[in-house]
Amino acid sequence: MPKSCRQLACDERCQIKALMSRDISMREIARCLGRTPATISREIARNRGGRGYHHRKAQDKSCAHRREASSVPHKLTVELWQRIQNLLKEGWSPEQTEGRLRCLGEETVGRE
């Protein structure tokens, strides 16, 4: 059964590289790892260079992305979340809620 909503681990990336070197199909690699073929396809496409799939570079990029994402301050505070919930409970649409908060000068999450 495929695992969902989970990043590929370093050992999975190594397995992808090893299986690719044995000319195993993407579908079979996905089956071996318990992932969807789309996940494997995207991973290979994202991290393929002139000499093929680079599992070490893929892992380095993933770690760097996680570091950068965790260093970004979150704009959604508890107070803002409560204001959003209250407006939605009053029957406001998400678009109206966002517009109202923008008019009040509130920083909202989402489109920027």
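User: Which cysteine has the closest sulfur to that of Cys-63?

Analyst: The model discussed here is predicted. The sulfur of Cys-63 has its closest cysteine sulfur at 7.8 Å, which is too far for a bond. A disulfide would require the two sulfur atoms to lie within 2.5 Å. The cysteine that holds this closest sulfur is Cys-10.

User: How many disulfides does a search of the whole structure find?

Analyst: A disulfide is a covalent bond that joins the sulfur atoms of two cysteines. For Cys-63, the closest cysteine sulfur is too far away for such a bond. When the whole structure is searched, the number of disulfides found is zero.

User: Is Cys-63 buried, partly exposed or exposed?

Analyst: The relative accessible area of Cys-63 is 34%. A residue is buried under 20% and exposed over 50%. Because its value falls in between, Cys-63 is classed as partly exposed.

User: Which residues of helix 4 are buried, and how are they arranged around its axis?

Analyst: The buried residues of helix 4 are His-55, Ala-58, Gln-59 and Ser-62. Viewed down the helix axis, these residues fall within an arc of 100 degrees. They therefore line one face of the helix.

User: What covers the buried residues of helix 4?

Analyst: Ser-62, one of these buried residues, has a relative accessible area of 12%. Not counting residues up to four places away in sequence, Ser-62 touches Gln-7 and Arg-13. The elements that cover the buried residues of helix 4 include helix 1 (10-21), helix 3 (37-46) and strand 2 (52-53).

User: Which exposed residues does the face of helix 4 turned away from its buried side carry?

Analyst: The buried residues of helix 4 line one face of the helix. The face turned away from that buried side carries exposed residues. These are Arg-56, Lys-57, Asp-60, Arg-67, Glu-68 and Ser-71.

User: What separates the C-alpha atoms of Leu-19 and Cys-32?

Analyst: Leu-19 belongs to helix 1 and is buried, at 14% relative accessibility, whereas Cys-32 is partly exposed at 48%. Leaving aside neighbours within four places in sequence, Leu-19 is in contact with Ile-24, Ile-29 and Cys-32. Leu-19 and Cys-32 are 13 residues apart along the chain, and their C-alpha atoms are separated by 9.4 Å.

Terms used
Residues are numbered from 1 along each chain as its sequence is written. This is a predicted model: local features need pLDDT of at least 70, side-chain atom pairs count only at pLDDT 80 or more; totals for chains, interfaces and linings use all residues. Side-chain values use heavy atoms; hydrogens and water are left out. Buried means under 20% relative accessible area, exposed over 50%, partly exposed in between (1.4 Å probe, protein chains only). Helices (H or I, at least four residues) and strands (E, at least two) are DSSP runs, numbered from the N terminus. The arc is that of the directions from the helix axis to the C-beta atoms. Contact means heavy atoms within 4.5 Å.
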